[in-house]
Amino acid sequence: MENIISITIEDRDGTVQDIEIPTDVNLSLMEILKASAYDILATCGGMALCATCHVQITEGLDLLNEPSDQELDMLDTLPDASDESRLACQLRLGNKNQGLKLAIKGALQ
Amino acid sequence: MIQTDICIIGAGPVGLFAVFEAGLLKMRCHLIDVLPQVGGQLSEIYPHKPIYDIPGYPTIKAQELIDNQMLQIAPFKPTFSLGERVEHLEKQEDGSYLVTGSDGTAIHCQVVVIAGGLGCFEPRKPDVFNLSLFEKAHVHYMVKDPEKFRDKTIVIAGGGDSALDWTVFLANVAKQVTLVHRSDSFRGAPDSAEKVYELAQQGKINLLLSHNLMALEGTSALQQIRLINKAKEEVFAPADHFIPLYGLSPKLGPIAEWGLTIDKNAIEVNTFDYSTNIERIYAIGDINTYPGKLKLILSGYHEAALMCQSAFKYVYPEQKLSFKYTTVNGVNAF
């Protein structure tokens with residue numbers, strides 16, 4: 001289907017689920033995850049300040065937009081970040097991101 | 001002791017506007033904020049960013065908005081306790097409240113308004129086994145007194161500016177400093193990173209890049225930290241003290257212990273007047289939640305106005321509130 005992609009999400013408890021998301025809406029991945037009923041605090045509302053939307057990209061990392069300095073600085077402060085870490089609030093997915101796989105990491109308090 | 005009508009926790013845009021709305025109803029305000037200046041995240045985090053959704057301003061820089069708001073509330077002579085975190089809340093016999101700050105400031109008020117935004121920023125804790133066991137005496141999330149570490153063996157963790165700067169500083173104070181970072185490079189200031197590399201080359205510090213923290217170990221006192229390197233081998237770093245410096249993350253802080261109904265770090269309120277489940281305590285702005293909540297500055301302004309109409313009955317129980325427009329009445333300074 002046009003402008004719909006499927007991505008795979010692993011929740012904190014290990015549950016894996018594929019979800020279909022539209023790519024023609026102006027929403028960040030954080031907003032999409034929240035709308036899909038995933039538990040994400042997103043305290044700062046998408047300003048790359050709180051890192052509660054931390055995700056680990058297990059497939060398709062290189063197809064994402066480059067992280068900004070602010071995002072890298074924030075990721076750098078996270079004790080549990082890895083080279084595959086991103087902040088979902090800074091990601092906007094397009095059709096090329098079909099098949100993206102990620103694990104939700106962000107803190108719940 | 002400070003005597004006021006309304007104690008506002010948080011001096012961001014919404015807390016400041018509450019002073020204006022309260023002032024129109026002749027209620028005095030005292031504001032307490034953990035940050036050293038007014039303006040909340042607008043002044044602290046994005047003072048130069050333009051905001052586009054303030055009515056009447058096609059665009060306005062965050063700090064300009066705060067400066068304007070300070071001018072707007074000047075007639076009502078608000079007082080401030082800045083750089084102080086609110087700690088305790090104590091209900092008095094007559095229903096009023098005594099609010100105490102971390103520096104001991106006592107504020108007696110009829111109404112408490114929580115306009116705390118994201119909350120207060122607290123040190124981020126690493127997920128390390130046994131952290132809580134040694135937290136009290138051997139783990140330090142900030143360096144308050146470097147002398148505490150004189151001739152001690154310390155492990156610093158983190159890759160940001162504060163981790164780099166304290167490593168450089170404490171290299172001359174402590175007996176031995178180990179810096180642990182999960183990545184193979186630093187994003188902090190290049191100068192500080194350069195110094196850290198130099199110290200490591202000279203053998204003055206022990207630099208462990210691409211290492212992850214696993215556990216704190218010791219019988220009664222902290223003795224060593226167990227790490228894992230890129231090859232998944234265990235590595236042990238001796239330590240009397242552990243200093244994790246992973247930046248700050250927004251938390252509710254002591255407010256969370258006050259018995260308020262809280263959902264996902266936000267305070268539930270009644271949209272009739274933005275009152276909480278506790279009488280005389282209101283929550284406005286980004287810190288509250290209700291069905292349909294939008295975290296917008298302008299929503300917070302609206303919440304402040306309605307809150308004041310409701311708070312009036314606690315400040316002036318004998319009086320009847322009559323609503324007046326500023327265009328009719330003007331602004332009558334205190």
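This is a predicted model: local features need pLDDT of at least 70, side-chain atom pairs count only at pLDDT 80 or more; totals for chains, interfaces and linings use all residues.
Which residue of β6(B) is the bridge partner of B:Leu31?

**Exercise 1.** Identify the bridge partner of B:Leu31 in β6(B) and describe the pairing of β3(B) with β6(B).

Solution. Start with the residue pair: B:Leu31 is bridged to B:Phe80 of β6(B). Then take the strands: β3 of chain B, residues 29-33, pairs with β6(B) in the parallel sense, over four bridges.

**Exercise 2.** State the strand order of the open sheet in chain B and find which strands stand at its edges.

Solution. The sheet has five strands with parallel pairing, in the order β6-β3-β2-β10-β22. The edge strands are β6 (79-82) and β22 (281-283) of chain B; each has a single partner strand, so one side of each lacks a neighbour in the sheet. On average, neighbouring strands are turned by 20° against each other, direction ignored.

**Exercise 3.** Describe the packing of α1(B) against α7(B) and classify the contact residues.

Solution. First, the geometry: α1 (residues 13-24) and α7 (residues 297-315) of chain B pack at an angle of about 35°, and their axes are 9 Å apart. The crossing is right-handed. Next, the residues: α1(B) contributes B:Pro13, B:Val14, B:Phe17, B:Ala18, B:Glu21 and B:Ala22, while those from α7(B) include B:Ile297, B:Gly300, B:Tyr301 and B:Cys308. Finally, the classes: the contact has 11 nonpolar residues, one polar and one charged.

Terms used
Residues are numbered from 1 along each chain as its sequence is written. Chains are lettered from A and ligands numbered from 1 in the order in which they are written. Axes are lines fitted to C-alpha atoms, for helices over the stretch in contact, and angles run from 0 to 180 degrees between N-to-C directions. Helices (H or I, at least four residues) and strands (E, at least two) are DSSP runs, numbered from the N terminus. A crossing is left-handed if the near helix is turned anticlockwise from the far one by less than a right angle, and right-handed if clockwise. Two residues are in contact if their C-beta atoms, placed from the backbone, lie within 7 Å. Ala, Val, Leu, Ile, Met, Phe, Trp, Tyr, Cys and Pro count as nonpolar, Asp, Glu, Lys and Arg as charged, and the others, Gly among them, as polar. Two strands pair if DSSP finds at least two bridges between them.
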